[in-house]
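Here's a quick briefing on how two chains sit against each other. Have a look at the model first, then we'll walk through the contact.

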Protein chains: 2
Amino acid sequence: MQYMPNVINVIEAKRDGRDLSFSQIRDVVDGYTSGEIPDYQMSAFLMAVCLRGMSDDETIFLTRAMLETGETLDLSQIPGLKLDKHSTGGVGDKVSLALVPIVAAAGIPIAKMSGRGLGNTGGTLDKLESISGFRVELTAEQIIQQIKSVGGCLCGQTEKIVPADKKMYALRDVTGTVESISLIAASIMSKKLAGGADIILLDIKVGRGAFMKNIDDARKLAFVMRTIAAAFGKTVICELTNMDIPLGRAVGNLIEVWEVAKLLRGPQQYSYGFPIDERLYHLIVDLSNAALSLAGSSHTAVTLLEDGSAWQKFGEIVEAQGGDVNSIERWGYISPIAVVGSPNDGYVTDIDAEAIGRLALTLGAGRTTKDGPIDHLAGLWINAPIGSVVQKGTPLVTLYGRPSPTGRELNKEAKAFFTIGDEKPLPPSSIIEIIPDEIRC
Amino acid sequence: MQYMPNVINVIEAKRDGRDLSFSQIRDVVDGYTSGEIPDYQMSAFLMAVCLRGMSDDETIFLTRAMLETGETLDLSQIPGLKLDKHSTGGVGDKVSLALVPIVAAAGIPIAKMSGRGLGNTGGTLDKLESISGFRVELTAEQIIQQIKSVGGCLCGQTEKIVPADKKMYALRDVTGTVESISLIAASIMSKKLAGGADIILLDIKVGRGAFMKNIDDARKLAFVMRTIAAAFGKTVICELTNMDIPLGRAVGNLIEVWEVAKLLRGPQQYSYGFPIDERLYHLIVDLSNAALSLAGSSHTAVTLLEDGSAWQKFGEIVEAQGGDVNSIERWGYISPIAVVGSPNDGYVTDIDAEAIGRLALTLGAGRTTKDGPIDHLAGLWINAPIGSVVQKGTPLVTLYGRPSPTGRELNKEAKAFFTIGDEKPLPPSSIIEIIPDEIRC
């Protein structure tokens, strides 16, 4: 094995709880990205960071070092304040698909770069690719061009955005070093800073179905990300939102796009009896209003939904990226493989978001390995959300995917993910806490 | 990268401070030794162990798992209690070279497997190889044969002794994961247990020139090693000994063997004015007496030194391993490259063991990389040990090695390693603390 005394000194300094300088952190990040520092030294370093933590300054240094391994989108040729949004990921989290067209419909430029799903939580890119023809891979020039022409885009990160993060994330995933507030904050913020926006909306999911299981950790993450943003002169707003139960009725890919499309088409749709999930609706409206207000817009999300302009903008974005908006309606023709009935009478008092996420994964809607296949038509629809009155046999959830013995077994298993009780539960919260930008407040 | 959920679970459990079971630890050690677990996962695991620590039970599990990756010497065909000795390594530490023949001269079988030097501290194998013809690599059969014929041996570990340790140590060395009491204890004890002895003498060096810088850490290491020994039914005695200043007058390879040879040749040698270092003499006598007493021998080290039987046994061991004992006298014909004079008048009040260790390394007596070359004739002789009265220009230390500009520069540098003061210092201690076997006491 190669003997690299400088890297070893940095690893030992972090192991012993000492603060690292910018140049020490940059040497490690650059050396690892270029391949000079081997995986085994980086994973020891990352574990030391997980256990010793990083100060705010160190986390800012790490973010800067990661950011500087790649390119930053130059949105300066687009006039006005530019917006971006990030969610830490949850089960049924389809907010970006609605928020981007709402904000763009108000004339606020928004370049949203998303990731793919891994594990129990879905990825926006996978959902978008369930729309026939939709291209998620855009170059920096294409992104800028589309913001100029349509006002917004929903795409993947360009190749040159934070290469350090791609390599570090893959290593963290297999070495038990994912769960560090500093590493998570630097990973998210380096990508958001590379996205070039002025205002960043952060949706931090909290609960069973989210990465952050408790509110204290979520709050710490929010504060660290806000500190990083301030160091780079960006405005952020963090919303801590509930991920104990799935968000909305749909979990999967095309099925989630379909749910969003119904919601965007506005009140005329309600009249046909389509059940809009209230928590989902409120979260989309609230986050969109926060974005509009930060950007100084006088529009409100509800108006943009009700007058049809958000839905129109959604169509424009899909079309600009080669997608066929009509293909979303394919969903109506898919046959379920199972309808899970309630085991007894009562109220639905709880739905376990993590279990529902795993269920969608098993149905084929997600990936178990980084480059694994995905079934865009697999997923599930929650027939009986929290508060529903059910009788024995009333459908709780409908499963979609390739028929298989597994699918049939899941029927039995899935019953356990719903809690049926005797008392009507309180409506679950959607927003837990809002942490405003530290400069503005 | 390969996705190994089980290993990741174990890494995460240790990261989160949970206790691991034997099977979890064995899976990691076996998987790493066989190559199924990659370096980057092992280094993350080792860093988690460094920072979270291991319970006594876990450390015993780790020792057992490591031990079981290789073979254990079967000394059962040799009658009586078999002895082994280990030192954690220090500057000028040549105790094993004297203790093995003393103990063997008393009829106690002793199979001492040693390591090579790396960094500031020398290795017994390198010292032995400075004797012309001396073979340090013996097979298990040869070791047993030699104990039967001569009563003792001084050799390297056989190929099949704890392969896990070789691989883990190489990784720890380059990932900042050396400094963990549990990892150090398991590394030492797995090798000592594989050596097959009943009684193990542990010399734990404490101070500037040693791995353990303070007595608290040394004591912790001693207690953990004693606990491991008890779990395997072995008797141990731990002596915490002073490594703030070098041990004896000689630091190097052949020069250390030469110092030991003089000491073993006993009092008749004294009369020729050879300066026996009192701390070295007392430590050898004390550790040897501890070994003899544990093994139930009625001999004492001083008698075995004074009647010449230890020196005779040394000759027998050297001869049995192909060495020419007369070649040790080559030392007398080597010319020094520099004699470092005292910068002023006074008493030698301190000598920095770590700096002296580095000096010997620079002269060529040690290795800077794992497979680097070694100069058996390089080294140094301390002319003015602690307590010496010196005048400006009185020789403090004599340097040996290939003449080079570096050698001349070292002359100036080396002065700083000696402290010259106005008051006569107290004689430095050699043994700091003795931690007896927990079963016997």
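**The A/B interface**

Let's start with a salt bridge: Arg15(A) pairs up with Glu179(B), and their closest N and O atoms are 3.3 Å apart. Keep in mind that this is a predicted model.

**Polar links**
- The salt bridge rule turns up two such pairs across the interface of chain B and chain A.
- Polar contacts across that interface come to nine residue pairs, with both residues at pLDDT 80 or more.

**What chain B brings**
- On the side of chain B that touches chain A, the elements giving two or more residues are α1 (5-15), α3 (39-52) and α8 (163-173) of chain B.
- Of these, α3(B) gives the most, with nine residues.
- By residue type, this side of chain B splits into 13 nonpolar, six polar and six charged.

**Extent of the contact**
- Chain B puts 25 residues into the contact, and chain A puts in 26.
- Together the chains bury about 2,300 Å² between them, and carbon and sulfur atoms give 70% of that.

Technical notes:
Residues are numbered from 1 along each chain as its sequence is written. Chains are lettered from A and ligands numbered from 1 in the order in which they are written. This is a predicted model: local features need pLDDT of at least 70, side-chain atom pairs count only at pLDDT 80 or more; totals for chains, interfaces and linings use all residues. Side-chain values use heavy atoms; hydrogens and water are left out. Contact means heavy atoms within 4.5 Å. Buried area is the accessible area (1.4 Å probe) that two parts lose on being put together, summed over both. A salt bridge is a side-chain nitrogen of Lys or Arg within 4 Å of a carboxyl oxygen of Asp or Glu. A polar contact is a pair of N or O atoms within 3.5 Å; within protein, one must be able to donate a hydrogen and the other to accept it, and residues adjacent in sequence count only if both atoms are side-chain atoms. Helices (H or I, at least four residues) and strands (E, at least two) are DSSP runs, numbered from the N terminus. Ala, Val, Leu, Ile, Met, Phe, Trp, Tyr, Cys and Pro count as nonpolar, Asp, Glu, Lys and Arg as charged, and the others, Gly among them, as polar.
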